[in-house]
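Work through the exercises below with the sequence and the model open. Each task is followed by a solution in steps.

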Amino acid sequence: MQIPNPFEAAVELGRVLAAAANGDRIIVSKDTAKLRTKVCSLCPRRDTGSNQCMECSCWLPLAVHVATKKCPLGKWPVTNA
Ligand code: SF4
């Protein structure tokens, strides 16, 4: 298991808080989360043991739901609906 970079985690939290303050969506729909999960399940950069992304160290069962989060390799669909 990789420990997430605290700076990147703080930046991501800042994005979520900014989105919430603007009244923007902070959680994606179930369909988008399912699609993201499917993409990650096929990705060689997913650690199957910890279910983390080895590019950004995010824990994927949580990350796929966060609207401000992006796949570091651009593999997720563009929509965050
Ligand atoms: S977030 Fe992107 S790079 Fe990371 S495991 Fe998922 S598809 Fe792969």
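In what follows, Ala, Val, Leu, Ile, Met, Phe, Trp, Tyr, Cys and Pro count as nonpolar, Asp, Glu, Lys and Arg as charged, and the others, Gly among them, as polar. The model is predicted: local features need pLDDT of at least 70 and side-chain atom pairs pLDDT 80 or more, while totals for chains, interfaces and linings use all residues. Residues are numbered from 1 along each chain as its sequence is written, and side-chain values use heavy atoms, with hydrogens and water left out.

**Exercise 1. Find where the ligand sits and list what surrounds it.**

Step 1. The structure has 1 cavity of 30 Å³ or more. The volume of the largest cavity is about 130 Å³. Of its 17 lining residues, C40, C43, C53, C71 and W76 are the closest to the centre.

Step 2. The lining of the largest cavity divides into 12 nonpolar, no polar and 5 charged residues.

Step 3. The ligand sits in this largest cavity, where sitting requires more than half of its atoms to lie within 2 Å of the grid points.

Step 4. Around the ligand (a heavy atom within 4 Å) are V39, C40, C43, R46, C53, E55, C71, P72, L73, K75 and W76. This shell comprises 8 nonpolar, no polar and 3 charged residues.

**Exercise 2. Is C40 buried or exposed, and which residues does C40 contact beyond its sequence neighbours?**

Step 1. C40 lies in helix α2 (residues 30-41); helices are DSSP runs of H or I, at least four residues, numbered from the N terminus.

Step 2. C40 counts as buried because its relative accessibility is 10%, and buried means under 20% relative accessible area (1.4 Å probe, protein chains only).

Step 3. Leaving aside neighbours within four places in sequence, C40 contacts R46, L60 and W76, contact being heavy atoms within 4.5 Å.

Conventions. 1 Å grid on protein atoms, 1.4 Å probe; cavity = no way out; pocket = protein on both sides within 12 Å on 5 of 7 lines; lining within 4 Å. Helix = DSSP H or I, 4+ residues; strand = E, 2+ residues; numbered from the N terminus. Buried < 20%, exposed > 50% of the residue type's maximum accessible area, 1.4 Å probe, protein only. Points joined across faces, edges and corners; volume = space filled by probe spheres on them.
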